[in-house]
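This report goes through one protein model part by part. Keep the sequence and the structure in view while reading.

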Amino acid sequence: MLFSSIPGLEETKEKLITATKNNHLAHALLFHGKEGSPNLALALSLATYILCHEPGEKDACGICNSCLKMKKLVHPDLNFAIPLPGSKKKDKEKDKEEEEDAKKQVDDISMWRTFALQKTYGNLYDWSIHSGHEKQLGISKGAAKRIIKTLSLKSFEGGYKMMLIWYPENMHPNAANALLKILEEPPAKTIFMMVTQQPDALMNTILSRTQKIMVRGFSDDEIKDYLIKNGLCTEEAAAKIALLTDGNMREALILSQELEDNSTFFIRDWLRACYMGDINQMLGFSEKIVEMGKEAQKSLLLKGINTMRECLLNRSQLEKLMKSNPQDREFIVNISTHVLTDTKIQRVYQEFNDCHYYLDRNANNKILFLDLSFNLAKILKSKN
């Protein structure tokens, strides 16, 4: 991947290139930016530039053997650590388990390369859908051991050896602790690249060992120009999408492809069943949610939180700040006008937020979502 493939952010690109030329890059870099930002794209572009045999003033050459390998993310000196499902095997099967996990990881990494090239601005939920992994994803202590083992070897082409860790906030504490020493004192010509959306979720001992690279979201003009340049939609549609997505390229690409997002309609029907107090429907919705993968459940709860935000903006007559698309807007206006008060919005918001918190900490999802449905019913039917 080349810097030129990323729209805008010229100031960040220039800083990275200058630091590389002057040999001022730290051995551990933390690319942090919100969802839909080019944090992964910038990390991959920097890796391409560093490994390029004939780098230019503003970008890698794109035609040398190294660049051609990086175009497919198969350069032998660029390694990846990504969130994968955990194993439940017993200790006595540990050796066999590690051997099986290592073999499976090769297949998963190959699948992730395809994902990273096709959906560079995708999130963890997109990866779970692409890979078919429905369980909670994380980076295990076993993965940390493989990172250390990989980096202890010499580079294949005599240059830098790199390890890109995607979503390090999903790293198990034991895995993070296992990496502290190599992060502090890595082998010569070794570079760590961590790509995160939640730097605050990382251990302080990890954060203190990295050079932070803040990656801003895209501007409206950058999203608009990108959509038009790649022929994804008309100029008029691109302008509307840019206003709706608030710098999130992932959302912009989804809207440009006109992929129907049914999550808001699911929230609508779920809240309607709760408001009517229909026990059978409430049980049905809870069962449907439980059947989803964990990342899909978390994504649905975040959609509920965002819906409440939109409702509050509508009640405050701040329509210009609303980011919902026209399909969702009718439902949001109706429920915030006829059903929800400011107090109810805050309480529903808190219920969604609490449920997301406990789900992330492995609470029983059957109990969690059934309890959420009943709590929502109480709030929606209350007089206050």
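## Confidence

What is the mean pLDDT of the protein, and what percentage of its residues reach 70 or more? The model is predicted; its mean pLDDT is 87, and 94% of the residues reach 70 or more.

Confidence is highest in helix α2 (residues 39-51), where the mean is 95. It is lowest in helix α4 (residues 94-118), with a mean of 74. Where pLDDT is low, the predicted coordinates should not be read in detail.

Strand β6 covers residues 190-196, and seven of its seven residues are buried, so the strand is largely enclosed by the rest of the structure. Thr190, Phe192, Met194 and Thr196 point one way from β6. Ile191, Met193 and Val195 point the other way, and the residues of both sets are all buried.

Strand β1 (residues 28-32) runs parallel to β6 and is joined to it by five bridges. Phe31 has Val195 of β6 as its bridge partner. Strand β5 (residues 161-166) also pairs with β6 in the parallel sense, over six bridges. Here Met162 has Ile191 of β6 as its bridge partner. Together with helix α7 (residues 173-184), β5 and β6 make a right-handed β-α-β unit.

## Helix α12

Helix α12 spans residues 263-276, which is 14 residues. From its first C-alpha to its last it reaches 20 Å, close to the 20 Å expected at 1.5 Å a residue. After α12 comes Gly277, which has a positive phi, near 70°.

Which residues of α12 are buried? They are Ser263, Thr264, Phe265, Phe266, Ile267, Trp270, Leu271, Ala273 and Cys274. The cover over the buried residues of α12 includes α13 (279-291), α14 (294-315), α15 (326-338), α16 (342-360) and α17 (365-381).

## Cysteines

How many disulfides does a search of the whole structure find? The search finds zero. Cys61 is in no disulfide, and the nearest cysteine sulfur, that of Cys52, is 3.5 Å away. Cys61 counts as partly exposed because its relative accessibility is 27%.

Cys64 is buried, with a relative accessible area of 12%; the cut-off for buried is under 20%.

Methods:
Residues numbered from 1 in each chain as written. Predicted model: local features only at pLDDT ≥ 70, side-chain atom pairs only at ≥ 80, totals over all residues. Heavy atoms only, no water. pLDDT = per-residue confidence, 0-100. Helix = DSSP H or I, 4+ residues; strand = E, 2+ residues; numbered from the N terminus. Expected span 1.5 Å × (residues − 1). Buried < 20%, exposed > 50% of the residue type's maximum accessible area, 1.4 Å probe, protein only. Contact = heavy atoms within 4.5 Å. Disulfide = S-S within 2.5 Å. Pairing = 2+ DSSP bridges. Right-handed = clockwise from strand over helix to strand, strands pointing away.
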